[in-house]
Amino acid sequence: MKIAVIGQSLFGQEVYKELKKDGHVIVGVFTIPDKDGKADPLGTEAEKDGVPVFKFPRWRLKGKAIDEVVEQYKAVGAELNILPFCSQFIPMEVIDHPRHGSIIYHPSLLPRHRGASAINWTLMHGDKKGGFTVFWADDGLDTGPILLQKECDVEPDDTVNTIYKRFLFPEGVKGMVEAVRLIEAGKAPKIKQPEEGATYEGIQKKDTAKIDWSQPAEAIHNWIRGNDKVPGAWAEVDGKNVTFYGSTLVDNGSTTGQPLEIPGASRPGLVTKNGLILFGNDGKTLLVKNLQFEDGKMIAAAQYFKAGSSTAVELTEEEKSFAEQMRVVWKSILTNVEKIDDSTDFFKSGAASMDVVRLVEEVKLRASQLQLQNEDVYMATTFQEFIQMCVRKLRGEDDEEELIVDYVEKNVNNMTIRMPHQLFINGEFVDAEGGKTYKTINPTNGEPICDVSLAQISDVEKAVAAAKEAFEEGEWGKMNPRDKGRLIYKLADLMEQHQEELATIEAIDSGAVYTLALKTHVGMSIQTFRYFAGWCDKIQGCTIPINQARPNHNLTFTKKEPIGVCAIVIPWNYPLMMLAWKTAACLAAGNTVVLKPAQVTPLTALKFAELTARAGFPKGVINILPGSGSLVGQRLSDHPDVRKLGFTGSTEIGKQIMKSCAVSNVKKVSLELGGKSPLIIFSDCDLDKAVRMGMSSVFFNKGENCIAAGRLFVEESLHDTFVHRVVEEVKKMKIGDPLDRSTDHGPQNHKAHLDKLVEYCEKGVKEGAKLVCGGKQVSRPGFFFDPAVFTDVQDHMFIAIEESFGPVMIISKFKDGDVDGVLRRANATEYGLASGVFTRDISKALYVSERLQAGTVFVNTYNKTDVAAPFGGFKQSGFGKDLGQEALNEYLKTKAVTIEY
């Protein structure tokens, strides 16, 4: 479809890029003129592609369309106008011109919050649901018919920035593309907006953002967060207008702190070590993290009475060199400033929010160990203050830097990664007993990455003791669930800030393709912690009527309580994600953790440990012990103070763990074990999709995937065509460096696994299966394996029964129409982790899904796991669930209380 994109901003840029990827022809981009010599990102992107870009200062003059502007627009021949974000008034002559009209993105659930500042008003009104609307443009203000809407929950402490980044931006881009697909297919609805519930609020400006203190705490909190960062909610303090940022509701505001008089407030605020406590007229409290003064200077609210008291540090020669580099960066951003001197103010010189993002990224390029946040720039607005702040952070002198980490640093993937390599016990990185270490290997080249501390029995004892004390005596055990949730949210935010670093570490330590590591290994880990953070204050018991002997005045209720010290033992295929799946639920339930990562992939777990400390988790809550399964894993299974063990790994080791847990102290166990997941493909399926998903079901994450389709059953009439198509696709796969963005298939995780895969394929050939392609080690450094496809696989063969846990596709045919026969073969396994079926016949799909003996059944898809959906197996694939609400039950115990009155 020929599309004109009319708009601006990074959002407009992403919509433009995705539309191009979808195969549409962008015939013109109409954006705003350059500002202070800087082009809008949308226009910049289009110019790189050679797309005509128009930068009209205006489209109308005195209410009438400018003829020459309209004619230039019409000349591009657009069939549809897309307005992803547009601050200009576009005349109806343009809106109505294309054959398909014009669609607009609006960041609210219309008809609510029409007009500008819609996200702000969603928060200021305390809406529980937010979202966006794609609608057909008409001559009203956001009144056109609705094409599609998507909604999300508004979290209690969301700001404009967080809800935009979490949902409105990424899902909005997808929504615009989806809308265009619907239009192209002739299926786009035009749903008239109801007038009931419609609201219109004008653009929020600084002069209208003053805080009204005569409200409950929640209303004040909503007002502050709804104006954060722009335009900023403000109030008079000490005779000056002060803007408030970073508001959170707190259950029990600290009563110890230095009073701060605020005119109009029901009582003075309190400056505490955590920030500024404010009071609503209902006596409830909120906490504000940052304050900004009229001159643009921002400070941590906790530093209100200390602002300006710190003395300047004297710079070393190396630090002076860094300062001069940053002076050049400031000059490149502040192009209108002739000279950058110590008193130059970043914001008074014309810098905007996008310039803050750029400055933070420029700092990373020159000092990768310095991880600035946007707020840091707002708190040090002059050049001298900025350099002083950077130097203090580089020296580790900032107040929050208490953790001592002996990093291993490597320059890789266009960044410097900083990896802890010691055990993490009781909030500290420490050497193993006797200083014992081992080398963790990069599977891409077979060379050591670094030495990692190798935990001993005594280290297990220390970690379990720390976890026990943290649970029984420490701050964690006393913390209310909502505050625990806030900590877990903060941890997820830190993981997101470090996601590129985590994904890079995952790639070099496990061989995961970087792009997959970024999206799945790390991305789903972040989602998991956010999901379970929301459960912390929603774990509830119930009341139960009982029939007991008279007098029948009884109250029986149940309580869900944390178990205590939990051990978690995870595999090497998804090092960070497996950690997240179990640890997030464990922490949300209120337990403490001793976790053993796989010995061959310890590094993201240790980086995670660092981030938990940075997030503020109390000491002892989380402990990480790299080491051997036979020593560390066995001791955790046997330990009398460990009350729960969660394990993902082989069925053989799972049985041993289960026995040890029973003999030691009958500790609770959940096991996610081996699999040989069947995928049944009927001849009436969508063949293109079956081929694509069939490939993914086997080769996703190099086949190192617990739910990988261990055996494909293909209906006889489709079999040869399916095999031919699959082999064609396999031959297109690029095997190579996981950090190369074009790589499809990285190295296998470690040498022993590679050798097992080669042996597995040799057994298949020896038994008479036909090896159509692959099945051998690739002749290059590292642990690379050529993805294999077997056909003519009979039910009795080794490869039909045993799991490869690698990129080996096992294909067997079944007779046309023999549904029950193929079901018997699919279920003739001791495993029951996952399964799948491809067919256009919904009755057949439901019939098969009911009879497949597996914890997960995929219909016309595969590998589609979600943090909200329970995950776990049947039979010898284990018991217990990861993810979803059910996962919480694995880390909780139920207590019944009966009272007679």
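Author: Thr 440 has its place in strand 21, residues 437–442; helices (H or I, at least four residues) and strands (E, at least two) are DSSP runs, numbered from the N terminus. The model is predicted, so local features need pLDDT of at least 70 and side-chain atom pairs count only at pLDDT 80 or more, while totals for chains, interfaces and linings use all residues. Residues are numbered from 1 along each chain as its sequence is written, and side-chain values use heavy atoms, with hydrogens and water left out.

Thr 440 is buried, with a relative accessible area of 1%; buried means under 20%, exposed over 50%, and partly exposed in between (1.4 Å probe, protein chains only). Its side chain is joined to that of Asp 509 by a polar contact of 2.8 Å. Such a contact is a pair of N or O atoms within 3.5 Å; within protein, one must be able to donate a hydrogen and the other to accept it, and residues adjacent in sequence count only if both atoms are side-chain atoms. A polar atom of the Thr 440 side chain also lies 3.3 Å from the backbone oxygen of Val 600. Leaving out residues up to four places away in sequence, Thr 440 touches several others, including Pro 448, Cys 450, Pro 602 and Leu 603, where contact means heavy atoms within 4.5 Å.

Asn 701 belongs to the loop between helix 21 (687–699) and strand 31 (709–715). A polar contact of 3.0 Å links its side chain with that of His 521. Beyond its neighbours within four places in sequence, the contacts of Asn 701 include Ala 512, Leu 516 and Tyr 574.

Phe 647, in strand 28 (residues 644–648), is likewise buried, at 6% relative accessible area. From Phe 647 to Val 569 is 78 residues in sequence, yet 4.9 Å in space, C-alpha to C-alpha.

Helix 26 (residues 842–851) has Lys 844, Ala 845 and Val 848 as its buried residues. They lie on the same side of helix 26 because they cover an arc of only 100° around the axis, taken from the directions from the helix axis to the C-beta atoms. The face turned away from this buried side bears the exposed residues Ile 842, Ser 843 and Glu 850. Among the elements covering the buried residues are strand 30 (677–681) and helix 25 (819–827).
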